[in-house]
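Hi everyone, thanks for making time for this. Please have a look at the sequence and the model on the screen, and then we will walk through them together.

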Amino acid sequence: MNYNWNWSVLVTEPYLDWLISGFYWTISVALVAWIFAFSIGCLVGIGRTLPNKFIAGACTCYVELFRNVPLLVQMFLWYFAMPEALPEEWGRWVKRDMPNPEFVTAVIALSLYTASRVAEQVRAGIEAVPKGLAAAAKAHGHGVAQTYRYILLPISLRMVVPPMTSEFLTVFKNSSLALTIGLLELTAQSQQIAEYTFRGFEAFTAATVIYVLIALVATVAM
Amino acid sequence: MTDFDFGVIWTSLPFLWEGLQLSLWLTFLAVIGGIVLGTLLTLARLSGILPLALIAAGYVNLIRSVPLILVIFWFYFLVPLVLGRPVGSFYSALIAFVLFEAAYYSEIMRAGIQSVAKGQKFAGQSTGLGYWQIQRHIILPQAFRNMIPILVTQGIILFQDTSLVFVVSLRDFMTTSSIVARTEGRLVEMYVFAALVYFVICFTGSVLVKRMRDRMAT
Amino acid sequence: MKLLSMIAAAAVAVSLAPTVQAADLTGTLAKIDKSGEIVIGHRESSVPFAYLDENQKPIDYSMDLCAKIVDAVSAELGKPLNVKYVPVNPKTRIALMANGTIDLECGSTTNNLTRQQQVEYLPVTFVTGTKLMVRKGSGITSVKDLAGKAVALAQGTTNERAVKAAAESMNIDFKVLPVRDHAEGMLSLETDRVDAYATDHILLYGLMSKSKNPDQFEVVGDFLSFDPYALMVRRDDSAFELIGKKTLAAVFRSGEIDAIYDKWFKPLGVPQTDLLKAAFKLGALPE
């Protein structure tokens, strides 16, 4: 194979700006989605282990529903289908007046999907705490809330840190799906550069390197 | 567009079925390929030969930090350039999935193999078996048995991941559903239907995994 | 399984290949001869150039012309060919041609010099240019009215660049919604996500005709670009290109082109322009 490498396109205007803007969107979508995913995921995960059958059942339904439908389908449901199913006025607002519709939709889809995975980790963490501890707390007259606060959560949270790190990395990778609804994040920008300059190798290499760096930084940060 | 018409699904069923077949076939081949390559990667990582272990570990970590869509783009557009001949969109996607999933399978297997007690390895060594014999006859069979539920779970995730071939217009279930949704202007109906089909398949799969786990636990 | 038989067929083709007299064939022709298969890249929503019929098979103007070329290639090689269809979109078509995945692209691709660094084109088969499609009564009559509006543009098209350049020269700022293909662009206009969709005017008429409510939309503005369409082939492959040129010249010369044209464009009410007639005439080279 003979290929004339030309790395300089990556630092030529406007392509450098495209890469930077793509990087910005990838980081924004991933971080905002992670904050929501983590919060919702913790609540749902705890909910699944509660003695209340109704709450536990509802939380299980949430996890099964969001975990068993591909993220891309969910993204399309939120972006293409949801506004059409709403009353016309609302649908119009979502499509036109809502600020940054692609960004907001990507964050919603990514948060809810990731939350179901986070919930599974949290639940596994809580269930891994020896049963005797919770029973002992109950015997001491602690209520459900106190048992969770002083016994179950502190122990389980420490256990779920490694799987959480991997979920955190997954959010960055999954944010690339936002390109299918028109958000020009890192992968989309690298493809656009490839297409404008016919420099596919260079453009995709740049994106790959940036993703690897994000992963390294994220792993260290966690 | 507010009145819903689910009849469009009925008339497009043959087309959608073709898409679903492609999704399933792609999943099946990618699982097989991913497990084979993943096993090789794992053996390389645990072989104790430093350069080999480093290369394999580097590969696994590289792939695990890159989005699958980017990997699909790499292979779809660039592999034919490297090979100097086209491989067709199905095979480009298949190669991308095998190489991508192998990294994940390798991580699962490493954990599985390391879970087989060290004592068994020593027992093997003391009876005079070599490294590969120990792997083949003692470690791998047990490790595989322990790993089956997780491997199947990863297979379900892979099935969901195959929907990403949408970005290169390969006609899987996701792409065919989208074509129908857009040409017929029936977005809500088609995407809800697509979600339902994926849900039924993946949920059934996860119930099977749970059964397997329960049976193995007893 | 269809795929299994495909694999088997490919295996047989590969094993038989050395016995075929492939010595004097080069490039794409040699590849087709060896595999017994020609790969056509087609668009899925370029009405009336290449789109999917109700059975989701690609049909239309460009597909008809391509079928002629396939016949000619088949005659040249002296054997029947298996035709494989690969859907492409504006973002993928040039890369897939350059990397050898497709042998012939049949859609609505503008022939321009930038792209000729990567691919080659057969003679012009249609002439069009960028316009805007808007909802009737929107008050948008040209690019200057787009300020503050939302516009869908298909990524990787000449139209995308033309509209952006026109807006820039007028110092107008609008929101761009990048879409994947014409179906998605039309969809975003139909579902009221954008105020305008910009692409080649003929495609706008085609999309309108396939829409559920054609009379809700109108095509407005001046031509923002000059887009001569042509079928795309690989670069630096004159033998294959020549077959394409010969085939089209014969179709132009015999007047067969008029019948093919009428079949697809008459329903849209778009007659041949003088410019297009001239293009056909110039393409009708003598043997």
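For us, a disulfide is a pair of cysteine sulfur atoms within 2.5 Å. A:Cys59 is also buried, at a relative accessible area of 12%. Buried here stands for under 20% relative accessible area, exposed for over 50%, and partly exposed for what is in between, using a 1.4 Å probe and protein chains only.

Before I go on, a few ground rules. This is a predicted model, where local features need pLDDT of at least 70 and side-chain atom pairs count only at pLDDT 80 or more, while totals for chains, interfaces and linings use all residues. Residues are numbered from 1 along each chain as its sequence is written, chains are lettered from A and ligands numbered from 1 in the order in which they are written, and side-chain values use heavy atoms, with hydrogens and water left out.

Back to the cysteines. B:Cys202 has a sulfur 17 Å from its closest cysteine sulfur, again in A:Cys61, and that is too far for a bond. B:Cys202 is buried too, with a relative accessible area of 1%.

So where is a disulfide? A disulfide is a covalent bond between the sulfur atoms of two cysteines. Over all chains the structure holds 1, and it joins C:Cys66 to C:Cys106, with 1.9 Å from S to S. C:Cys66 sits in helix α3 (residues 61-77) of chain C and C:Cys106 in strand β6 (residues 104-106) of chain C, so the bond ties together parts that are 40 residues apart in sequence. Helices (H or I, at least four residues) and strands (E, at least two) are DSSP runs, numbered from the N terminus. The link between C:Cys66 and C:Cys106 is left-handed, with -105° about the S-S bond, and both cysteines are buried.

Now the interfaces, starting with chains A and B. How many residues of each chain are in contact? There are 33 from chain A and 36 from chain B, where contact means heavy atoms within 4.5 Å. The area buried between chain A and chain B is about 3100 Å², and carbon and sulfur atoms give 78% of it. Buried area is the accessible area (1.4 Å probe) that two parts lose on being put together, summed over both. In chain A, the residues that lose the most area to chain B are A:Asn68, A:Lys173 and A:Phe204, together 18% of what that side buries.

Next, chains A and C. This contact takes 17 residues from chain A and 20 residues from chain C. The area buried between chain A and chain C is about 1700 Å², with carbon and sulfur atoms giving 45%. A:Arg96, A:Tyr196 and A:Phe198 supply 35% of what chain A buries against chain C, more than any other three residues. Across the interface of chain A and chain C the rule finds 4 salt bridges, including one where the side chains of A:Arg92 and C:Asp192 meet at 2.2 Å, N to O.

Last, some backbone details. A:Glu13 and A:Pro14 are joined by a cis peptide bond with omega about 0°, and A:Pro14 is in the segment before α1 (15-49) of chain A. The peptide bond from C:Val47 to C:Pro48 is also cis, with omega near -5°. C:Pro48 is in the loop between β2 (45-46) and β3 (50-52) of chain C.

Finally, is C:Asn171 buried or exposed? At 74% relative accessibility, C:Asn171 counts as exposed. Its phi is near 60°, a positive value in a residue other than glycine. C:Gln56 also has a positive phi, about 60°, although it is not a glycine, but C:Gln56 is buried, with a relative accessible area of 7%.
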